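Please take a look at the protein shown here.

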Amino acid sequence: MKFKSITGTKDILPAESFRWQYVERTFRELAHRYNFKEIRTPVFEQTELFARGIGELTDIVGKEMYTFRDRSENSLTLKPEMTAAVIRAYLQHNLGQQQPVTKVYYLAPMFRQERPQKGRLRQFHQFGLEVIGSHQPEADAEIIAMTAEYYKALGITQADLKINSVGCEKCRPAYKEKLKEFLRPNLPHLSEESQRRFESNPLRILDSKDERDRELTDAAPLQKDNLCEECNEHFIRLQELLSETGVSYTVDGRIVRGLDYYTKTAFEFISSALGSQDALSGGGRYDLLAKELGGKDVPGVGVAGGLERLLLVLEASDLMKDSDRKPVVYLAAADNESRTWLYGVTQQLRRADISCDTDLLRRSLKAQMREASRQLVQFTIIAGTGERDRNEVTVKNMETGEQQPIPVGDLAHYINQQLSDNGNDGEKS
Ligand code: AMP
């Protein structure tokens, strides 16, 4: 075959899509319980939005974006993350005017040209939450508590929450200087990447994965110990809120996150089931973002988590039940004369909310019966010209092998009755 999917992208095939539906459905239901409403934004935006919103000096903007020019020479970018797009939409549609606090969730594909590996793709999918309009730590807690609850709802116990505070525009500049003072004597011994970050984003040196960098920064001053009063108070209150809601966490002064716009709270959920790409999700507060995008001064806090990584954890921990939905009924025609009639019966059952399948290949009755067994249906309905003339069908219970003639007019009722007698009404469709 000539065509293949692009490196770093994946097809979600029919045999696995139920897994995606399960994690997405669980997320939507939970978001509803927390009163988050869904937001959907376009797949591409003006490049400038991400350059400004994420920061020119970040890895994402510097080397990972899918940027292209359209036929009118506009520079566009496939979204590498969602927060900048959400804030763009919030400002553009004045959502803040409708209510003081806007709570939104999303499930969407993101695009980054990274080196593909396990848990790292070029088109991947994120769930996310944003609370826009509150400066208070209660908003941070709302985001973190729901994320923790989501993992719990999926049965994931290995999701360790690490929280930190990265300060604000008042306390960060002085801290940055202090950190640089500390790093300067060892600058030539740091990794090349960290040396590059020394001027532009020295905080990121703290979350370097390089062993030597780790050793050399072991005793580095941390922002959490150098907060202004306001940031410190915020951080303490957040911890109290988390303790109050029973969310366990550890404080980790090295969680700094990749994006420039974070202020105060930064956090990550890590899973040891993931290997080197161990971040299940991450987020934080971004009080400077809306202004950076040329809008009003609106605070916000959010989280984004990878769905591929979530599925990896669920599979590794054997938490993914085989809950693929099967049709309940298979309709098999004994001869070609009765097929057309039986197709009408099939539609009647579907309209009565019963999940059915039937033969589309004009196979023999024997082959259709094999197909019914392969599909693991609970009932097979068989009809030939004799049944058609009497306006009835033969219903075979696939578990007991019992066969019963049923008038077509009573069929839907009969199947539903049998299903509820078996106590599996919920699997009906
Ligand atoms: P970030 O926006 O970089 O903070 O990423 C948030 C979450 O998205 C991460 O914790 C991962 O779970 C997921 N993620 C980020 N980049 C990728 C990628 N290239 N492939 C798969 N998942 C990713």
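## Briefing

Ser191 is buried, with a relative accessible area of 16%. Buried means under 20% relative accessible area, exposed means over 50%, and partly exposed lies in between (1.4 Å probe, protein chains only). This is a predicted model: local features need pLDDT of at least 70, side-chain atom pairs count only at pLDDT 80 or more, and totals for chains, interfaces and linings use all residues. Residues are numbered from 1 along each chain as its sequence is written, and side-chain values use heavy atoms, with hydrogens and water left out.

- Ser191 sits in the loop between helix H7 (172-183) and helix H8 (192-200). Helices (H or I, at least four residues) and strands (E, at least two) are DSSP runs, numbered from the N terminus.
- The side chain of Ser191 makes a polar contact with the side chain of Asp213, at 2.6 Å. A polar contact is a pair of N or O atoms within 3.5 Å; within protein, one must be able to donate a hydrogen and the other to accept it, and residues adjacent in sequence count only if both atoms are side-chain atoms.
- Arg52 belongs to helix H2 (residues 47-54). Arg52 counts as partly exposed, at 38% relative accessibility.
- Arg52 and Arg184 are 132 residues apart along the chain. Their C-alpha atoms are separated by 29 Å.

**The eight-strand sheet**

- Strands of a sheet pair through backbone hydrogen bonds, either parallel or antiparallel. Here, two strands pair if DSSP finds at least two bridges between them.
- An open sheet of eight strands runs in the order S1-S5-S6-S11-S10-S9-S7-S8, with mixed pairing. Its edge strands are S1 (37-38) and S8, and each pairs on one side only.
- Strand S7 (residues 160-165) pairs with strand S9 (residues 263-270) in the antiparallel sense, over six bridges. Asn164 stands opposite Ala266 in S9.
- S7 also pairs with strand S8 (residues 250-251), in the parallel sense, over two bridges. Lys162 stands opposite Thr250 in S8.
- Strand S6 (residues 123-132) and strand S11 (residues 300-306) run antiparallel and are joined by seven bridges. Phe127 stands opposite Gly305 in S11.

- Is strand S12 (residues 329-333) mostly covered or mostly open? Mostly covered: five of its five residues are buried.
- In a regular strand the side chains alternate between the two faces of the sheet. In S12, Val329, Leu331 and Ala333 are buried on one side, and Tyr330 and Ala332 are buried on the other.
- S12 pairs with strand S13 (residues 356-358) in the parallel sense, over three bridges. Val329 stands opposite Cys356 in S13.
- S12, helix H13 (residues 336-351) and S13 make a right-handed β-α-β unit. A crossover is right-handed if, with the strands pointing away from the viewer, the path from the first strand over the helix to the second runs clockwise.
- S12 pairs with strand S14 (residues 379-383) too, in the parallel sense, over five bridges. Ala332 stands opposite Ile382 in S14.

**Rings**

- The structure holds nine aromatic pairs. The rings of Phe267 and Phe269 have their centres 6.2 Å apart and their planes at 85°, so this pair is edge-to-face.
- Rings of Phe, Tyr and Trp (its six-membered ring) pair if their centres lie within 6.5 Å; planes under 30 degrees apart count as stacked, over 60 as edge-to-face and the rest as tilted.
- Phe267 is buried at 0% relative accessible area, and Phe269 is buried at 2%.
- Ring pairs link Phe27, Tyr105, Phe127, Tyr150, Tyr151, Phe267 and Phe269 into a cluster.
- Lys103 lies over the face of Phe36, 5.0 Å from the ring centre. Lys180 lies over the face of Phe198, 5.6 Å from the ring centre. A charge sits over a ring if NZ of Lys or CZ of Arg is within 6 Å of the ring centre and within 35 degrees of the ring normal.

**Around the ligand**

- Which residues come nearest to the ligand? Of the 15 residues around it, they are Arg112, Glu114, Leu121, Arg257 and Leu280. A residue is near a molecule if one of its heavy atoms lies within 4 Å of it.
- A polar side-chain atom of Arg112 lies 2.8 Å from an oxygen atom of the ligand. For Glu114, a polar side-chain atom lies 2.7 Å from a ligand nitrogen atom.
- Ala279 has a backbone N or O atom 3.0 Å from an oxygen atom of the ligand.
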